[in-house]
Amino acid sequence: MIKIYPEQDFEVVLDIATKMCVAARTAPKANGLDSIVTAIVYGEELDKIREEMVRFGTERNLQYFIRDAKNIEGKVVVIIGSKPKEKAHGFEDGESEETVLKESSAIDLGIAIGSAVSIGKDLCIDNRVMYSIGRAAINLKILGEDVIIAYGIPLSISGKNPFFDRK
């Protein structure tokens with residue numbers, strides 16, 4: 001058997017996306033509290049996100065949202081978000097518990113994204129962290145009602161990373 005253009009194998013991309021989500025979910029968490037939510041999106045659901053990116057970008061005159069929407073057509077996207085944490089421990093005098101929870105949720109999200117993209121790098125899949133995808137996913141409540149921040153990571157296997165050197 002000969003397999004021509006194995007980089008076009010959709011199952012390979014989905015497998016890597018799954019491994020990236022596992023890395024994000026198992027990444028270290030501040031305060032010992034988990035707030036990370038992950039999803040893999042493609043097909044019709046990704047089309048909804050793309051439409052929201054164009055709508056939001058047009059409404060707010062954010063051209064990079066529109067550019068990014070075109071750039072992810074037909075791709076698989078990993079979305080990683082964070083919910084607010086419900087309690088904290090170890091915060092210092094003068095520091096509000098709410099501030100600690102927001103900061104630790106954001107830090108956890110950064111660590112989760114770093115863990116995910118490190119898997120992508122190790123498995124040589126083209127990727128790029130995009131705020132625009134995450135914002136559209138939040139607007140559409142893809143990760144649930146309580147997710148407060150998210151980023152999207154589109155994936156591609158190609159001779160040149162399509163998420164860089166864009167116009």
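Guide: A salt bridge here is a side-chain nitrogen of Lys or Arg within 4 Å of a carboxyl oxygen of Asp or Glu. This is a predicted model, where local features need pLDDT of at least 70 and side-chain atom pairs count only at pLDDT 80 or more, while totals for chains, interfaces and linings use all residues. Residues are numbered from 1 along each chain as its sequence is written, and side-chain values use heavy atoms, with hydrogens and water left out.

Visitor: How many salt bridges does a search of the whole structure find?

Guide: One example is the pair Asp15 and Lys19, whose side chains meet at 2.7 Å, N to O. Searching the whole structure gives a total of 10 salt bridges.

Visitor: How far apart along the helix are Asp15 and Lys19?

Guide: Helices are DSSP runs (H or I, at least four residues), numbered from the N terminus. Both residues belong to helix H1 (residues 10–25). Because Asp15 and Lys19 are four residues apart there, their separation is about one helical turn.

Visitor: Are Asp15 and Lys19 buried, exposed or partly exposed?

Guide: Buried means under 20% relative accessible area, exposed over 50%, and partly exposed in between (1.4 Å probe, protein chains only). Asp15 has a value of 38%, and Lys19 has 40%. By that definition, Asp15 is partly exposed and Lys19 is also partly exposed.

Visitor: Which residues are joined with Arg55 into one salt-bridge network?

Guide: Arg55 forms a salt bridge with Glu52, with the closest N and O atoms 2.6 Å apart; the two are three residues apart in helix H2 (residues 43–60). Arg55 also pairs with Glu59 at 2.7 Å, N to O, and those two lie four residues apart in helix H2, about one turn. Through shared partners, Arg55 is joined into one network with Glu52, Glu59 and Arg60.

Visitor: Now the serine: what is Ser105 in contact with, leaving aside its neighbours within four places in sequence?

Guide: Ser105 sits in helix H4 (residues 97–122) and is buried, with a relative accessible area of 2%. Contact means heavy atoms within 4.5 Å. With those sequence neighbours set aside, the contacts of Ser105 are Ser35, Ser82, Lys83, Pro84 and Lys85.
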